[in-house]
Amino acid sequence: LVLSEALPERFGFATAAVTPEYAARVASLRRSFFLTAEKQEAEGEVDGETDKMLIGGHLMVFFTSGVAQQLEGVEITNFGQQGNLGRYPVHFHLCQDVQGSRIAKNVIHKSNQRCFIIHGTHNVTLFDNVAVNTFGHCYVLEDGFEVGNVFERNLGAHLKMPSRILVNVDHSTENDKGPSVFWIMSPMNHWIDNVAAGSIASGFWFDTRSAVRGPSQMLPGAKDFVPMYAGVKTFRDNVSHSNRLFGIQYYSPGWRPKGKEQVMEGSVVYRNGWAGHFTHGNTNMVLKGGLT
């Protein structure tokens with residue numbers, strides 16, 4: 001990284017040498033392989049007002065149980081179709097177990113709707129990805145029956161509120177108007193050394209429910225799985241800062257894992273508008289180490 005001129009003095013306090021806990025992250029948004037889509041900004045109507053429709057491309061891995069998938073080193077821009085269910089930049093859809101799948105070192109920016117979506121799919125590794133300047137939730141576990149996935153060293157920043165909110169097949173609406181960088185409907189996964197920054201709402205959100213929802217209800221084992229009572233596999237050394245509301249929230253309706261205490265280790269949360277850790281109606285959870 002070569003700078004054409006010196007950084008302002010105030011940035012000197014955000015270096016690893018001076019304040020390692022608050023060091024600024026630097027990420028490249030360019031990759032040698034590039035996916036984009038033509039812009040479609042036809043005017044439509046939202047809540048009685050004229051609005052531009054943000055319609056781009058989408059990439060879906062569809063019903064590939066038992067097949068390991070690889071996506072590495074790709075830059076994706078103008079993907080996602082705002083308001084269209086299931087149309088996201090990178091979307092694993094009802095693949096069940098895809099052990100060995102790896103999504104690594106990719107960049108998504110200027111996404112119209114969400115970023116990396118794991119939906120009814122198990123054992124995908126997302127490593128060292130970047131997502132910036134996007135609408136709605138970003139790194140998503142969608143229905144509550146996604147198990148064994150690994151989120152490690154990923155960065156998400158600058159999440160915006162979409163004007164076109166997704167409507168599910170049962171006519172319920174999604175909650176992307178309060179977007180989180182990591183939207184967690186199933187806790188039985190791994191989050192290690194990720195960074196969430198600059199969301200209009202939250203960095204991490206444990207939005208666990210009393211039952212698996214959506215089409216994932218039909219997957220083997222889903223009917224007996226209760227997301228809000230499930231334990232987390234790993235949550236370690238994650239950073240959440242500069243979000244308008246919460247660094248990490250565990251509410252709605254409230255994560256209540258059963259069995260042994262769930263250790264949330266080494267979380268660093270700071271400069272969030274309302275609360276660093278927002279707990280409400282939670283049980284059996286330990287915050288260990290870290291910085292708030």
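Me: I want to start with holes inside the protein. What is a cavity?
Reply: A cavity is a set of grid points where a 1.4 Å probe fits but cannot get out, and its lining residues have an atom within 4 Å of a point. Please note that this is a predicted model.

Me: How many cavities of 30 Å³ or more does the structure hold?
Reply: The structure holds one cavity of that kind. The largest cavity has a volume of about 50 Å³.

Me: Which residues line the largest cavity?
Reply: The lining is made up of Asn112, Gln113, Arg114, Phe135, Gly136, Pro162, Arg164, Ile165, Leu166 and Asp176.

Me: And how does that lining split by class?
Reply: Four of the lining residues are nonpolar, three are polar and three are charged.

Me: Which residues does a disulfide join here?
Reply: The disulfide joins Cys115 to Cys138, with an S to S distance of 2.4 Å. The count for the structure is one disulfide.

Me: What parts of the chain does the pair tie together?
Reply: Cys115 is in the loop between β8 (107–111) and β9 (116–127), while Cys138 is in the loop between β10 (130–135) and β11 (139–141), so the link connects parts that are 23 residues apart in sequence.

Me: Is the link left-handed or right-handed?
Reply: The link of Cys115 and Cys138 is left-handed, with -105° about the S-S bond.

Me: Are those two cysteines buried or exposed?
Reply: Cys115 is buried, at a relative accessible area of 0%. Cys138 is likewise buried, at 0% relative accessibility.

Me: Now the whole chain. How many helices and strands does it have?
Reply: The protein chain has zero helices and 24 strands.

Me: What share of its residues is buried?
Reply: Of the 292 residues in the protein chain, 50% count as buried. The accessible surface comes to about 13,700 Å², and 53% of that surface belongs to carbon and sulfur atoms.

Me: Last one: which residues other than glycine have a positive phi?
Reply: Among them are Asn78, with phi near 55°, and Asp128, with phi near 60°.

Me: Where do they lie?
Reply: Asn78 is in the loop between β6 (74–77) and β7 (90–104), and Asp128 is in the loop between β9 and β10. Asn78 has a relative accessible area of 12%, so this residue counts as buried, the cut-off being under 20%.

Key
Residues numbered from 1 in each chain as written. Predicted model: local features only at pLDDT ≥ 70, side-chain atom pairs only at ≥ 80, totals over all residues. Heavy atoms only, no water. Disulfide = S-S within 2.5 Å. Helix = DSSP H or I, 4+ residues; strand = E, 2+ residues; numbered from the N terminus. Buried < 20%, exposed > 50% of the residue type's maximum accessible area, 1.4 Å probe, protein only. 1 Å grid on protein atoms, 1.4 Å probe; cavity = no way out; pocket = protein on both sides within 12 Å on 5 of 7 lines; lining within 4 Å. Points joined across faces, edges and corners; volume = space filled by probe spheres on them. Nonpolar A, V, L, I, M, F, W, Y, C, P; charged D, E, K, R; others polar. Areas by Shrake-Rupley, 256 points an atom, 1.4 Å probe, with all protein chains shown as cover.
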